[in-house]
Amino acid sequence: MDGRARMIDANANRAREALRVMEDAARFVLDDADLCGRLKSLRHELRGALAEMGGAGFDETALLAWRDTPADVGTGIGAQAEYRRAGVRGIVAAAGKRLGEALRVIEECAKAGQAHGAGGGAARRVEALRYAAYEAEKRLVLAMGTGRAVQWRLCVLITEALCSHHPWEEVARQAIEGGADCLQLREKGLPDAELLRRARRLVQIVREHGSESRAASAPAVVVNDRADIAMLSGADGVHVGQEDLPVEQVRRLAGLSLLVGASTSNLEQARRAVRDGADYCGLGPMFVTRTKDKPVLAGPQYLAEYLRTEGVRDTPHLAIGGITPDNVGELVRAGCRGVAVSSAVCKMQRPAGACRALQEEFAPTHKWGGEEEAGGS
C-alpha cells in the first residue's frame, strides 16, 4: 500500500462526520424534513461508494487495519480557528467545507485505483456525490440565514405620506422612544438619490438615539425593496416582497452583510423564503388595511399555520396588515411574537404612545410610563 488506504479511511471518517453534523442541523435546528432526508441519503450513498472501492483492496476491514491514529502526525497539528465556531451557522459552514474536501481526497484516491485496473466506477460515483454535497451545503447554509436574526416585537414602517402630525424624522424618533426595535423605511416613489439620502438619515437618527440613551442595542434599520440602498446606507437589512428581487438573488448581492426579510401570504412562500436564506418572514395581511391594496387576506389563520409548521415556525416573523392596539391582542393570543405597523403609528399625534399601546398587548402585566394612544390604519 502507498498510503492511500490511510487517506481514504481518514477522509471517509471526515465525510461521515460532516454529513452527520449537517443532517442534525437540518433536523434539529431547521426542522426541515426534506433536507434532513437528502443529507441522510448522501450518507448512504457514501457508504455505497466506499463499498465499491473494496474491489481495489480498500474494503472496510482493510481500511481499519491500516488505521494508525497514535502514529498519525496530523493529530497534533491544529490552528486556533479550529476550536471556534460562530454559532450553529458556523458549525454548518465548517462541516460543509470539510465534506467537500474529504470527498475530493476519496475521489482522487479512487482515480489512482483506476490506473491499476480498478476504482473507475467508484471515482465517478464519489464525484457525483461531491456535486450533490455542494448543492446540499448551499441549501443548508442559505437556510441558516445570517445567524444574526432576532425576533423583533414592534417594527414601524416609516412612510412620509402617512406622517400626518409630524415630520417623518420626528415620527422615527418617537417610535424609538416608544420601544420600537425595528424601523423600516418604506418609500416607493422616491428617486434613488433621495431614497439613499433618506435611508442614511434614518440610520443616523437610530445611531444618535442609541448613543444618547446608551441602550444595550439600537433598533434595527431595514430598507424596503432595495438591497442596494440598504447596503450603501449602512442599514441592517432589506425587506422584499413577492414581486421584488428574490431572496436568493439578494444573498448573491449582499452575502451576509444584510438581514433579509420576505413578505409572505401562505406557507409555500414562507418555506421558499426560509430555504433561500430569509432571516425573518412578514406574514399578512392580517386585517383589512388602507395602506396597501391586498384583495385577499391571509388572516390570523395563516399566522397560526406558520407557527405550527416545521421548517418555518422557528424563523422570526412579523405579522402585518391593519394591525392596531384594538386587534393586536388577537394575534398575541394566537402566539404572535412580533408585528409591523405603519398608519397605527405614523398617523398618530403621539407616535411614542401608539407604540407603547401596541407593545403593552405583548406584556399586559407591564405598565408603561407616559401617555398611551390607540390608533387605526
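How do the axes of helix H2 (residues 33-52) and H5 cross? They come within 10 Å and cross at roughly 160°. Here axes are lines fitted to C-alpha atoms over the stretch in contact, with angles running from 0 to 180 degrees between N-to-C directions. H2 and H5 are therefore roughly antiparallel (angles over 145 degrees). Their crossing is left-handed, meaning that the near helix is turned anticlockwise from the far one by less than a right angle. Among the residues making the contact (heavy atoms within 4.5 Å) are Leu35, Leu39 and Leu42 of H2 and Val126, Leu129 and Ala133 of H5. Helices are DSSP runs (H or I, at least four residues), as are strands (E, at least two), numbered from the N terminus.

This is a predicted model: local features need pLDDT of at least 70, side-chain atom pairs count only at pLDDT 80 or more, and totals for chains, interfaces and linings use all residues. Residues are numbered from 1 along each chain as its sequence is written, and side-chain values use heavy atoms, leaving out hydrogens and water.

**Aromatic pairs**

The structure holds three aromatic pairs. Rings of Phe, Tyr and Trp (its six-membered ring) pair if their centres lie within 6.5 Å. Planes over 60 degrees apart count as edge-to-face, under 30 as stacked and the rest as tilted. Two of the pairs are shown here.

| Pair | Centres apart | Angle of planes |
|---|---|---|
| Tryptophan 152 and tyrosine 280 | 5.2 Å | 70° |
| Tyrosine 302 and tyrosine 306 | 6.4 Å | 80° |

Tryptophan 152 and tyrosine 280 are edge-to-face. Tryptophan 152 lies in the loop between helix H5 (120-143) and strand E1 (154-158), and tyrosine 280 in strand E6 (residues 280-283), so the pair ties together parts 128 residues apart in sequence.

**Alanine 273**

Where does alanine 273 lie? Its place is in helix H10 (residues 267-275). Alanine 273 is buried, with a relative accessible area of 6%. Alanine 262 is 11 residues from alanine 273 in sequence and 6.4 Å away in space, C-alpha to C-alpha. Not counting residues up to four places away in sequence, alanine 273 touches Val247, Ala262, Thr264, Ala278 and Cys281.

Notes:
Buried means under 20% relative accessible area, exposed over 50%, partly exposed in between (1.4 Å probe, protein chains only). Angles under 35 degrees count as roughly parallel, over 145 as roughly antiparallel, 65 to 115 as roughly perpendicular and the rest as oblique.
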